[in-house]
Amino acid sequence: MTLTIQNIEEAKEVIKKNNVVLFMKGTKDMPGCGFSAHVVQILNNLNISYVDIDILNDNNFKENMKKFTNWPTFPQLYVKGEFVGGCDIVKEMFETGELLELFNTKGIDVKT
Amino acid sequence: MAMNIKDIESLIKKNIPDAEIIIEDLAGDNNHFSAEIKSKEFNGKTRLEQHKMIYNSLSEELKEDLHALSIKTIEKK
């Protein structure tokens, strides 16, 4: 599900209410950057249901989101309210199996 | 704006003196880099913390270009 949000308060709500949230460039159907596309591919590969938010819609929101997460780049993946990482970390965790383990531990449905 | 390999290396070294750094220019266009960094400083830290250490070494100068830098951190035993 692709959501459009413009401020941090909304972002906090979305993070709280959804198990998996991806803040990315573009949308999961049309990623605007190779790194975002890569994480989309990984989540799709695990058949995870997640919310994606295009941070390119609003530059203020994008900058505020960097500060909120304390992370300078996108994509940013949140699982159960916690920041997991950007593309490099998610990719590494996927390759080592840690990502699958994280979803399993958190009780998130993975259809393999 | 293009990044310079030497700049990235010296900024990381300033923050993490024992770092062994391998930087690759991925597309040969001075724009997309991958950095593999090995350091004792990473030991016992989560991957998030390790990556933040790298970002914190660079962020002043290279904030806008960071999206094009792929990072891999390795603990040194």
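## The main nonpolar core

The largest nonpolar core of this predicted model has 26 residues, where a core is a set of buried Ala, Val, Leu, Ile, Met, Phe, Trp, Tyr and Cys residues joined through C-beta atoms within 7 Å. Buried residues have 20 or more other C-beta atoms within 10 Å of their own, with C-beta atoms placed from the backbone. Those with the most contacts inside this core are A:Val21, A:Leu22, A:Phe23, A:Val39, A:Ile55, A:Leu77 and A:Val90. Among the elements of chain A that each supply at least two residues are helix H1 (8-17), strand E2 (20-24) and helix H4 (87-96); E2(A) gives the most, with five. Helices (H or I, at least four residues) and strands (E, at least two) are DSSP runs, numbered from the N terminus.

## A closer look at A:Val39

You will find A:Val39 in helix H2 (residues 34-45) of chain A. It counts as buried because it has 27 C-beta neighbours inside 10 Å. Leaving aside residues up to four places away in sequence, A:Val39 touches A:Leu22, A:Met24, A:Pro75, A:Leu77, A:Cys87 and A:Val90; contact here means backbone-placed C-beta atoms within 7 Å.

## The sheet

Chain A has an open sheet of five strands in the order E1-E3-E2-E4-E5, with mixed pairing; strands pair if DSSP finds at least two bridges between them. E2(A) and E4(A) run antiparallel, joined by four bridges, and A:Leu22 has A:Leu77 in E4(A) as its bridge partner.

## Reading notes

Residues are numbered from 1 along each chain as its sequence is written, while chains are lettered from A and ligands numbered from 1 in the order in which they are written. In this predicted model, local features need pLDDT of at least 70 and side-chain atom pairs count only at pLDDT 80 or more, whereas totals for chains, interfaces and linings use all residues.

Technical notes. Buried ≥ 20, exposed ≤ 12 C-beta atoms within 10 Å, placed from the backbone. Contact = placed C-beta atoms within 7 Å.
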